[in-house]
Amino acid sequence: MTEIDAKETARILLGRAGITPSEEDLARAAAFVGPPSPRNPKLATEPQLMQSAGEWEERR
Amino acid sequence: MTEIATMSIAEAGRRLRAREVSSVELTEACIARVETLEPKLNAFITRTNEQARSAAKAADADLARGIDRGPLHGIPVGIKDLCATKGIRTTAGSNVLADWVPDFDATVVTKLREGGAVSLGKLNLHEFAYGVTSANHWYGPVRNPWDTARHPGGSSGGTGAAVASGEIFGGIGSDTGGSIRIPAALCAVVGLMPTYGLVSRAGVTPLSWSLDHIGPLARTVEDAALFLNAIAGYDAADPGSVRRDGFDATEQIGRDDLRGVRVGVVRSQFERLEEGVGEAVNAAIAVLEGLGASVRDVAIPMLDAGLRLSILGPEAAAYHAEWLRTVPEKYSDEVRAILLSAAMEMAIDYINDQRLRREFTDQVREVMRDVDVLAMPTCPAVAGRIDEIVAGAYRYAALTSPWNHTGQPVISVPCGFGQGGMPVGLSLAGRPFEEAVICRVGHAYEQATDWHTRQPKGI
């Protein structure tokens, strides 16, 4: 994602929250915009997560 | 440090009831200490000396009439400036609330007042509790009593510094990702994050509703347990509050023979530690073993795999959204930037992280069928210099934040010193509502060591 794209994405995401950031804040926020987070990469595909979701539904 | 300033809450309470000391004497000693040390520490945002003097006189008068309001009766304390105080400015460490004077008390403040505690004022913190250094942009940085060039941790840094330096006997902190335990570890005091829901959060500015805990910092484990007893209890005004009749965090204190206690060492949490931290914590665990505890390493697969949950940020952004729209300039650049980044989190990430959180909690519950306490370092490093704080300071919360997601109680106990002669903390996590067990183990450790008796050398 280019810097301009990241800024535009940040502008849209924050705009949805009703926030109009300054150009300086937008540049800072854009640094957090990127491809999907690799957070918990192993865990997100663990089959027990799906199983757990089912159990969770049962608990309800 | 003067004799009074080194006294524990338990000892001060005994002397108060034996009429060997008065609350007025305790309070004046602490006020004198505050006046001397504040230019160096900046632990307070608002001091309430005259109200404290009045409360101390009332506490003495009550005791003279045989009225005993509990373990904090007549004890000088401090309150994190995140807690609403009726008629006293409550800033949350922010410029947004710089002029807010609530017309009500937070429930925890009411409990302190009804319990006879003497508040010396409102303690400095990281802005809106969203940070771990207490380098407050608006009210100045809190300084660590062990080395005033360094930060005290946060976000309850004012409480940590004030307790460590003897300005107060104990104080209120809040903990969303480690904000009680981090300053406790970095200032060599005890910090106790209670089970989620045990202490009411009504009237406390939220950071993240599903992760916020209120709890004490004090100089000994017994003091932290006594303090917790004074502020715990069901409160209908907090939707997360739980009923726990007969709760007593002190009930196992004194059982210092740890035979029968099973300690699980969360070995994955010893990776990437600054030199000196792991050594101190391993030595502490050996002390527990020497006291009779059985010790073994435990695996918590999700934690060991580097679990990172994004729940705090979106909840904080939800709370702050309106102010971010209307008064963004009233946030520091640092906190506004992190809130804006949090405001862009995806709903699907937040929701799936809540599901992962449930999985993680189940894993920890399973592990704790076989052990009574989990042991690990509180922080991966000692306190750093204030003039070298960088965004990476959030690493201080790396080992503490997982336990906010499970909601179980955790105590941090001083366990030695690392680089630069700065304090290191040992974390002991227990099962939900088993504060008495972690306090037993922490107290036993204290009795076998002298770390908690060391005095800050930076002031």
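**Exercise 1. Find how strand 2 and strand 3 of chain B pair, and over how many bridges.**

Step 1. Strand 2 (residues 76-80) of chain B runs parallel to strand 3 of chain B, with 4 bridges between them. Strands here are DSSP runs of E with at least two residues, helices are runs of H or I with at least four, and both are numbered from the N terminus. Two strands pair if DSSP finds at least two bridges between them.

Step 2. For a residue-level look, go to B:K80: its bridge partner in strand 3 of chain B is B:L123.

Step 3. Now bring in strand 1 of chain B, which pairs with strand 3 of chain B in the antiparallel sense over 3 bridges. Here B:F44 stands opposite B:L123.

A word on the model before moving on: it is predicted, so local features need pLDDT of at least 70 and side-chain atom pairs count only at pLDDT 80 or more, while totals for chains, interfaces and linings use all residues. Residues are numbered from 1 along each chain as its sequence is written, and chains are lettered from A and ligands numbered from 1 in the order in which they are written.

**Exercise 2. Work out why strand 3 of chain B counts as largely enclosed.**

Step 1. Apply the burial cut-offs: a residue is buried if 20 or more other C-beta atoms (placed from the backbone) lie within 10 Å of its own, exposed if 12 or fewer, and partly exposed in between.

Step 2. In strand 3 (residues 118-123) of chain B, 6 of the 6 residues are buried, so the rest of the structure largely encloses this strand.

**Exercise 3. Decide whether B:A202 and B:L273 are buried or partly exposed.**

Step 1. B:A202 sits in the loop between strand 7 and strand 8 of chain B. It has 20 C-beta neighbours inside 10 Å, so B:A202 is buried.

Step 2. Leaving out residues up to four places away in sequence, B:A202 touches B:A106, B:T107, B:D235, B:A237 and B:D238. Contact means C-beta atoms, placed from the backbone, within 7 Å.

Step 3. B:L273 lies in the loop between strand 9 (262-266) and helix 9 (277-290) of chain B. Its count is 19 C-beta neighbours inside 10 Å, so B:L273 is partly exposed.

Step 4. B:P380 is 107 residues from B:L273 in sequence, yet their C-alpha atoms are 4.7 Å apart.

**Exercise 4. Describe how helix 3 and helix 4 of chain B pack.**

Step 1. Helix 3 (residues 23-41) and helix 4 (residues 49-64) of chain B pack at about 160°, with axes 8 Å apart. Axes are lines fitted to C-alpha atoms, for helices over the stretch in contact, and angles between N-to-C directions run from 0 to 180 degrees.

Step 2. Angles under 35 degrees count as roughly parallel, over 145 as roughly antiparallel, 65 to 115 as roughly perpendicular and the rest as oblique. Helix 3 and helix 4 of chain B are therefore roughly antiparallel.

Note on methods:
Two residues are in contact if their C-beta atoms, placed from the backbone, lie within 7 Å.
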